[in-house]
Amino acid sequence: MRTAQQLTCSGQRCQRTRLITRSTKRASVIKCVATPVSQPARQKLATDSQEPTDNCRFFVDRDGEMIRIMCCDYGFRAGAGRLYQDKYGEVPDNVLVMAGDNFQHELSALRRSVRFNEYAALEAPPNALARVAGSAGKLLVSGLSRVDSWLEARGLLGQLQPAEVPADVQGEDGQLNEECQEIRAQLRQLKLNDREVWAREERRKKESGDVDAPWFIKAPFWLLCVMLDLCFANRPIQRFWVLETVARIPYFAYISILHLYESLGFWRAGAELRKVHFAEEWNELHHLQIMESLGGDQLWFDRFIAQHAALLYYWVLIVIYLFSPKLAYAFSELVELHAADTYEQFVESNQEALAALPPPLVAAAYYRNEDLYMFDELQTCSGDDAPLRRPPCSSLLDVFNNIRDDEVEHVKTMHACQDTKLIAEQLAGRRKKLAAEGLSSE
Ligand SMILES: [Fe+2]
Ligand SMILES: [Fe+2]
């Protein structure tokens with residue numbers, strides 16, 4: 001049954017009044033939008049010195065609390081590319097049309113990135129190997145820039161224009177508005193020290209042991225970590241964006257194989273596992289889009305690395321999963337543990353700065369939405385006694401704490417999946433727990 005709701009605000013609290021009573025606790029349609037604040041609520045906020053501007057929006061969460069969201073969403077893909085925004089939920093176009101559009105979009109971005117040298121603002125890498133890679137990168141950028149100018153001068157490529165600032169973040173002078181510039185500056189101050197991440201991993205291994213996996217599973221994992229350290233030194237948000245692009249790939253691969261087994265009639269017992277993997281992928285998608293809304297996908301080079309690595313990773317995992325699901329899950333456990341350690345280190349190193357920044361809309365909509373069906377499905381292996389997670393999301397610090405805790409959930413599930421008996425027990429326990437909460441998962 002669809003639910004119609006009316007939003008009424010008084011002071012800083014808003015209430016949703018149901019116009020139609022629904023039959024279950026869960027909405028059948030997962031959709032939420034940022035809700036513009038009513039005039040009385042806006043005046044109240046202004047007197048409380050929160051000074052909402054016309055460009056800013058507030059998200060009204062399931063308890064009626066207004067969450068001020070980040071006004072500067074400046075990822076490479078916005079609008080149709082972002083959940084809960086314009087065109088969200090539309091059906092895709094013909095593949096050739098989309099491929100053509102994407103090629104044009106990326107070609108212009110590549111040309112701008114070398115001609116206007118978007119890489120010049122990057123800080124000098126902290127270690128010798130990264131410095132060598134950085135110098136090679138500079139030579140490549142300068143060479144490609146000369147080739148582009150040569151092709152443009154001969155009319156083989158169109159006249160290159162600077163990128164336009166999107167209307168919703170534009171100031172009066174047509175440039176990025178002041179608030180957005182301030183947020184960008186604050187995001188650039190966020191730090192992550194690779195060595196501290198490695199040290200944290202070592203401490204964790206000493207305390208709770210290492211993942212049981214052979215060298216040929218650990219080797220590509222180390223390669224991924226070294227690539228992240230090398231290419232994303234001093235750029236934590238970009239590093240997280242790449243990590244999240246890759247992190248959701250295993251779930252795509254596992255779902256693909258489980259589908260194939262069901263279609264061929266080999267194996268149907270994996271259907272419930274497929275549901276859990278979809279909830280995990282949905283969770284990683286939100287992590288990814290949070291990083292995009294913070295500007296993690298701005299550089300052409302970062303997108304090139306992440307998206308090609310993701311394609312390669314998908315096919316490698318397909319092959320591993322075909323022959324040994326246990327090994328594939330061990331690999332995922334390594335990646336998820338690394339993600340949890342990295343986020344933990346990041347939160348510890350940037351507590352104050354993160355607490356001063358508001359959350360992006362996509363984060364508020366995921367963690368504070370009324371419908372937490374997909375979020376609850378993620379907590380499959382949190383144990384029968386653990387309470388359902390209902391985390392806050394009123395600052396960027398909350399967002400990163402939540403992401404770290406999500407990664408810990410992924411670790412638990414990937415660990416349980418390596419033991420057929422254990423995951424079956426966890427899934428059965430999960431069904432009982434949700435039924436006891438009145439949130440049947442069937
Ligand atoms: Fe993630
Ligand atoms: Fe993850």
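Predicted model: local features only at pLDDT ≥ 70, side-chain atom pairs only at ≥ 80, totals over all residues.
User: Which residues coordinate the iron ion (ligand 2)?
Analyst: Let's start with the spacing of its donors along the chain, which is E-x51-E-x70-E. The donor atoms are OE atoms, at 1.9 to 2.0 Å from the iron ion (ligand 2). They belong to E284, E336 and E407.

User: Which residue coordinates both the iron ion (ligand 2) and the iron ion (ligand 1)?
Analyst: These two ions are 3.5 Å apart. One residue coordinates both of them, and that residue is E284.

User: How many residues apart in sequence are the parts that E284 and E336 tie together?
Analyst: Both residues coordinate the iron ion (ligand 2). E284 lies in helix α9 (residues 271–293), while E336 lies in helix α11 (residues 325–349). The pair therefore ties together parts whose separation in sequence is 52 residues.

User: Is E336 buried or exposed?
Analyst: A residue counts as buried under 20% relative accessible area. E336 has a relative accessible area of 3%, so E336 is buried.

User: What about E106, is that residue buried or exposed?
Analyst: E106 sits in helix α2 (residues 95–115). Its relative accessible area is 12%. The cut-off for buried is under 20%, so E106 is buried.

User: Which residue's side chain makes a polar contact of 3.4 Å with the side chain of E106?
Analyst: Leaving aside neighbours within four places in sequence, E106 is in contact with F76, R77, W300, R303 and Q307. The side chain joined to that of E106 by the 3.4 Å polar contact belongs to W300.

Note on methods: Residues numbered from 1 in each chain as written. Chains lettered and ligands numbered in written order. Heavy atoms only, no water. Helix = DSSP H or I, 4+ residues; strand = E, 2+ residues; numbered from the N terminus. Buried < 20%, exposed > 50% of the residue type's maximum accessible area, 1.4 Å probe, protein only. Polar contact = N/O pair within 3.5 Å; in protein donor to acceptor, adjacent residues only side chain to side chain. Contact = heavy atoms within 4.5 Å. Donors = N, O, S within 2.8 Å, 3.2 Å for Na, K, Ca; no water.
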